[in-house]
Amino acid sequence: MFTDADAAVLYDLLNPWDPGHQPGDAYYNELITAADSVLDVGCGTGAMLAFARDHGHRGRLVGLDPDTAALDRARRHTGIEWVEGTAAGAAWTAEFELAIMTGHAFQSLISDDDLRASLAAVHTALRPGGRFAFETRHPQARAWEGWNRSDPADVVELTHPTGGPLRVWHEVDSVAGDLVTFHGTTARPDGTVLRTDHATLRFLDAAALDALLAEAGFEIDAHYGDWMRGPVTGASREIIVVARRP
Ligand SMILES: C[S@@+](CC[C@H](N)C(=O)[O-])C[C@H]1O[C@@H](n2cnc3c(N)ncnc32)[C@H](O)[C@@H]1O
């Protein structure tokens with residue numbers, strides 16, 4: 001058995017939050033440090049807010065995620081509000097200076113209806129003047145083409161504290177319009193499969209993003225194409241957005 005709790009531990013092993021070494025983590029950490037109240041939408045195991053608290057953030061920190069096992073892991077960190085739920089179900093009104101979605105959590109919002117409801121709820125949760133910062137993979141970079149076990153960069157071998165030595169890889173099942181459906185496999189090094197996780201992600205372009213954000217009442221402060229705040233170009237792999245509730 002490789003449980004949901006084991007998978008949450010694996011997530012942190014594969015995705016350590018490290019603003020000292022990861023430019024994307026440093027970018028978000030800077031925004032969080034400057035805000036007195038932060039809502040982390042799709043907080044997962046909570047590493048981003050835990051880092052901020054451990055490094056002196058004294059304001060209100062709230063993490064929201066629908067994944068029970070990830071949130072259980074987040075709850076190891078005290079002094080932060082951990083709330084189980086989806087972005088669309090966020091029920092705060094004008095309480096936050098900053099809302100964030102990291103780790104491409106935004107791409108988990110698949111349907112137009114869910115995107116609209118999620119953006120409306122985040123907008124309502126922000127104070128006037130508050131900002132919503134998130135990133136989404138730029139469709140032009142076709143990141144899904146690297147989610148393939150024949151690409152050595154996709155196959156990770158590591159030792160899990162309770163699961164022992166593991167091999168993890170991805171395979172794409174379908175690409176339909178801007179939706180990419182794929183699965184991740186967690187296996188023993190001999191190939192014995194312990195777990196398969198399926199997911200669909202949406203790859204919106206900047207024009208579609210802007211239209212949805214405007215419809216929800218946001219103004220766009222910035223689009224960046226990289227974590228050093230460079231512009232979005234034909235080579236950008238990310239669309240990094242800062243939107244503001246007027
Ligand atoms: C790849 S993880 C990113 C976690 C964390 N933000 C990070 O940077 O490590 C994506 C997260 O989005 C969450 N998620 C999926 N659908 C969501 C929704 N509708 N609303 C909020 N979060 C959602 C998942 O449960 C998962 O924890």
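Modeller: Start at Phe 132. Setting aside residues up to four places away in sequence, Phe 132 touches Ala 99, Ile 100, Met 101, Leu 119, Val 122, Leu 126, Leu 213, Phe 218, Val 241, Val 242 and Ala 243. Bear in mind that this is a predicted model.

Now widen the view. Phe 132 belongs to the largest nonpolar core, which has 30 residues. Leu 39, Phe 106, Phe 132 and Phe 218 have the most contacts inside that core. Several elements each supply at least two of its residues: strands S1 (37–41), S2 (60–65), S4 (96–101), S5 (126–137) and S11 (238–244), together with helices H5 (112–125) and H6 (206–215). Helix H5 gives the largest share of this core, five residues. In general, nonpolar side chains tend to be buried together in soluble globular proteins.

Ser 37 lies in strand S1. Ser 37 counts as buried because its relative accessibility is 2%, and the cut-off for buried is under 20%. A polar atom of the Ser 37 side chain lies 2.9 Å from the backbone nitrogen of Glu 97. Neighbours within four places in sequence aside, Ser 37 is in contact with Arg 60, Glu 95, Phe 96, Glu 97, Leu 98 and Arg 127.

Helix H1 comes next. H1 spans residues 4–14, and Asp 6, Ala 7, Ala 8, Val 9, Leu 10 and Asp 12 are buried there. The buried residues of H1 pack against helix H4 (68–74) and strands S6 (156–160), S7 (164–176), S8 (179–187) and S9 (193–202). Thr 3 caps the N-terminal end of H1, with a side-chain oxygen 3.3 Å from the backbone nitrogen of Ala 5.

Last, the ligand. It is surrounded by 14 residues, and the closest are Tyr 11, Gly 42, Asp 65, Ala 87 and Thr 102. By class, the shell has six nonpolar, six polar and two charged residues. Some polar contacts can be named. A nitrogen atom of the ligand lies 2.7 Å from a backbone N or O atom of Gly 42. A polar backbone atom of Ala 87 is 2.9 Å from a nitrogen atom of the ligand. An N or O atom in the Thr 102 side chain is 2.8 Å from an oxygen atom of the ligand. On its own, the ligand has 590 Å² of accessible area, and the protein covers 79% of it.

Notes. Residues are numbered from 1 along each chain as its sequence is written. This is a predicted model: local features need pLDDT of at least 70, side-chain atom pairs count only at pLDDT 80 or more; totals for chains, interfaces and linings use all residues. Side-chain values use heavy atoms; hydrogens and water are left out. Buried means under 20% relative accessible area, exposed over 50%, partly exposed in between (1.4 Å probe, protein chains only). Helices (H or I, at least four residues) and strands (E, at least two) are DSSP runs, numbered from the N terminus. Contact means heavy atoms within 4.5 Å. A polar contact is a pair of N or O atoms within 3.5 Å; within protein, one must be able to donate a hydrogen and the other to accept it, and residues adjacent in sequence count only if both atoms are side-chain atoms. A residue is near a molecule or strand if one of its heavy atoms lies within 4 Å of it. Accessible areas come from the Shrake-Rupley method with a 1.4 Å probe; for residues, only the protein chains shown count as cover. Ala, Val, Leu, Ile, Met, Phe, Trp, Tyr, Cys and Pro count as nonpolar, Asp, Glu, Lys and Arg as charged, and the others, Gly among them, as polar. A nonpolar core is a set of buried Ala, Val, Leu, Ile, Met, Phe, Trp, Tyr and Cys residues joined through side-chain atoms within 4.5 Å.
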